[in-house]
Structures are given as C-alpha cells and as structure tokens.
Amino acid sequence: MTILELIAENYARLLEGMGRTLLLTFWSLILASVLGLIFGMMKAARGKIWHILSSLYVDVIRGIPVLVLAFFVYFGIPQGFGVNISIFQASLIVLSLNAGAYMAEIVRGGIQSVDRGQMEAARSLGLPYRKAMQKVVLPQAIRTMIPSIINQFIITLKDTSILSVIGYADLIKVAKAVIARNFEAFRIWLIVALMYLIVITVLSKIAKAIERRMTYAK
Amino acid sequence: MQNKVSVKGLVKSFGDLEVLKGMDVEIEEGEVVCLIGPSGSGKSTFLRCLNRLEEITAGTVVIDGFLITDPQTDINTVRENIGMVFQHFNLFPHKTVLENIMLAPVELKRKTKEEAETRGIQLLEMVGLSDKAGVYPAQLSGGQKQRVAIARALAMDPDIMLFDEPTSALDPEMVGEVLQVMKQLAADGMTMVVVTHEMGFAREVSDRVIFMDGGYIVEEGPPEQIFEHPQNPRTIDFLNKVL
C-alpha cells in the first residue's frame, strides 16, 4: 500500500480525531484565558490575600504533571466524591486548569510590564481601579502578552495528546486504533506528526498576523 | 470660607523612612503655590499625598471640604476635581490625543461623547495643538505631550491642578511652551500647586513659594520675599546653588 492509499483509507478518522483535538484545545483555551485573566489580575493587585490565593493556584498546578492531574480528575475525583465526570469534562478541566496557571503568569507579567505611571494617570483622573485596569492598563498589557499567549496556545494544543491516556478520542487515540488494525506504525505516526505540524504552523501564522495588526509605534 | 486645600500634621513614611515629617499647608482658592527645594526633600511626595496617590501615614488633608485622609471618603470623586500633570506625561499610548482627553469624562459619565469631543477640541486649541487631535502620543514631541497631558487633566473641569515637575523631562527649548500654558491657567484663576525647578516661573507666576528640605517646610512666603530676602540659611544656600 502506498502512503497515498494509506491516507485515502484513513483520512476521515484521522481528521475526526484532529477535530476533537482542536475542539478540546479551543474550549480549554477559552476557560484558561478566563482563569488566567482572573488569577493574573489577582497576582498583580496590591491585596495580600489575592496574591496568596493566586500564587497557591499557580504553584500547585505548576508542581503537578498534567498526566497526574488527568488521572486525579478522571479516576480520583469520581471515587473520592462520588460524582460522574465524562471524559470530555475531565479533559477540559485538566487542560483549562493547567493552561490557566501559565496564563495567569503571562497576565501578571503583562500587567507589570505596563509603566506604573499609566495606572497613576488614570487614577488621578478619578477612574476607579477596575476602570483604569480595563481601559488603560490591560489594553497595553495584552499587546506585550501576545507572543507568550500564542506560545501557550501551541503548548496546550500539544498537551491535548496527553488526554488520550484517559480515553479522550483525540488524534493520538485514533491513530493508535488505526495502527492496531494495519500495523503501519511508521507511516501513520509520520502522517500524525505532519498533521500537528501543519495545524500548528497555520495557527502560528494567523497569530503572527494578529500580533502585527495590534502593535503600534511606541 | 474654607480653604481649597488644608493640610495639618501630614506625615508620610515609606517603611522606616520618614519622607514628610509633619507639614501644615493652607491653600486658598485661585492661589498658585510653587514648591521648591533639593531632590529628596519630599516635594513630589507631598504633592502626591494631595490626591492620595500615596497613602498618608498620619495627619489630615482636606480638599474642597472632603477629608481625604478618611477611608470612608470616596477618593475617586475627589480626584475628579483634582487634575494632575506628571513629569513623564503618562499619556495613554494606545489612544489618540483626543481619545486621551475624552477618556475620563466619558467613562465617568460626566459628559456625553459629543460634549467631551467638543470640550477636547476646545482644550487642544487652548494648548495650541488643535492639529494633533487624531495623532498618537508617540508622534509628539515632549513639550507637545505635556501640553496634551495638561489638556487631559483639564477635561474633567477640575478646580485644583497639581503639577509634578512638569518641565523636568523636557528638552530646554520645549520648557517655554509648557510654562506658557501654565501661566495662562494661572491667569485664568486656577488653583495650582506646582513642584518645580523653574525658579523663573516660580518667581513670576506664583503667589507663594514654599521651600522644603528634609521633609519639612523650611520657609515660605511671597516670591519676592523668598527670592530677594530669604531668611533661613538653608534657603539661602539652595538658592545660591540654583540661581
């Protein structure tokens, strides 16, 4: 069988797997962005309690491998608390929590990279902290955060592959099933690698274009 | 009538370092007060305490009848009436000149968009920059930036203006254009507190000069008195060095 025939025979299933990979990535990144924004702002704020809470979250997540977190959420929590969690829910929780912690650090760094004088100028005009943050500091912070955010997006996309161990039917799991049937490990993994490469390259290019449009002369 | 600014026993510490060691200052409506003194004397810190950009350690500050040292006081409302101009301008780089000026009045619902725009254009005319409305701050010279910053502070129609070394970061040839705008403002009756190293401006424009050193007010009085007949040896020494 030529590689083209191999692709012709399996492309539908592989694309379906890639679709689920992208679906999980998409929703995880949305949730992670929300988590990152909240915890990142807490970390950049002055209040001590906020700072401790967000540091706790970030340090705990950073100190646990994604694989352990996945097993804990999917196998541990249902047993410990007697709740049912679907594979997709567990995958979503794991990836969001994980990416959220890194996003929090990115957001904190972005906010702190904005000159203090910006916040002071906004506050001196009478704007409350939240408004000053929203209208003056964050728009500037996001611009400096973009390269790191893109980087985190790509890492999360690749991290989805870990969730195949708890049974999420992503590209990896589909590929394994295909290989179990036809024993074409070399060529199928090659195809899978190329699929990741293509998707990530395209996403990076789109992200770069967005980045260029959002930068302004300093 | 109550004074515009009334400061009693103001103390400000950063950790163990006491920067302001008990200041008493009264400022009347329409008065222009210049704060002069060596670096590190606490001039800027004092100014920043007036709109609570610095937390006040002890003492009382009353602005427009509001006791701003009281945590119950809504500092945002008080700040709406206190314009501040910074040494490093602090214009919002992601907004055009006109958007910089319109931001606060619109966000705080003091003006509609149309009103804020009309007022913004008016203010830009006043500072001589009506042709720069749609430009971003990065495209302006230092002097132009500072004039925009003054216009932005005025957009909230404040009745007190604080200036924190407004010309210190400027190239010498741009100092004049900023001082010109400030003179105009003083002539229009604005209450102004100005931290400055521009002795010429202090002498010509201010009603009163306060000389600070080491966190205290060493000497204060009308400019003629401070500049022509200083009494305190530290004032004399400082003026000898800068004049």
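**View 1. Lining of the largest pocket.** H5(A) contributes the most residues to the lining of the largest pocket, four in number. The model is predicted; local features need pLDDT of at least 70, side-chain atom pairs count only at pLDDT 80 or more, and totals for chains, interfaces and linings use all residues. Residues are numbered from 1 along each chain as its sequence is written, chains are lettered from A and ligands numbered from 1 in the order in which they are written, and side-chain values use heavy atoms, with hydrogens and water left out. The volume of the largest pocket is about 730 Å³ (the space filled by probe spheres set on grid points, which are joined across faces, edges and corners). Its lining has 21 residues, and A:Arg46, A:Arg116, A:Met119, A:Glu120 and A:Tyr129 are the closest to the pocket centre. A pocket is an open set of points on a 1 Å grid over the protein atoms alone, where a 1.4 Å probe fits, with protein on both sides within 12 Å along at least five of seven lines; lining residues have an atom within 4 Å of a point. At least two lining residues come from each of helix H4 (87–113), H5 and H6 of chain A and helix H2 (75–80) of chain B. Helices are DSSP runs of H or I with at least four residues, strands are runs of E with at least two, and both are numbered from the N terminus. By class, the lining holds 10 nonpolar, one polar and 10 charged residues (nonpolar: Ala, Val, Leu, Ile, Met, Phe, Trp, Tyr, Cys and Pro; charged: Asp, Glu, Lys and Arg; polar: the others, Gly among them).

**View 2. Interface of chain A and chain B.** Contact (heavy atoms within 4.5 Å) joins 22 residues of chain A to 23 residues of chain B. The two chains bury about 1900 Å² between them, 59% of it on carbon and sulfur atoms; buried area is the accessible area (1.4 Å probe) lost on putting two parts together, summed over both. On the chain A side, A:Glu120, A:Ser124 and A:Leu125 lose the most area to chain B, together 31% of what that side buries.

View 3. Three salt bridges link chain A and chain B, each a side-chain nitrogen of Lys or Arg within 4 Å of a carboxyl oxygen of Asp or Glu. A:Glu120 and B:Arg48 form a salt bridge through their side chains, at 2.6 Å from N to O. Helix H5 (116–124) and helix H6 (129–159) of chain A each supply at least two residues of the side that touches chain B. H5(A) gives the most to that side, with eight residues. The classes on the chain A side are nine nonpolar, five polar and eight charged.

View 4. The side chains of A:Glu16 and A:Arg20 meet at 3.7 Å, N to O, in a salt bridge. About one helical turn separates A:Glu16 and A:Arg20 because they are four residues apart in helix H1 (residues 3–44) of chain A.

**View 5. Surroundings of B:Glu28.** B:Glu28 sits in the loop between strand E2 (17–27) and strand E3 (32–36) of chain B. Beyond its neighbours within four places in sequence, B:Glu28 is in contact with B:Asn3, B:Lys4 and B:Thr191.
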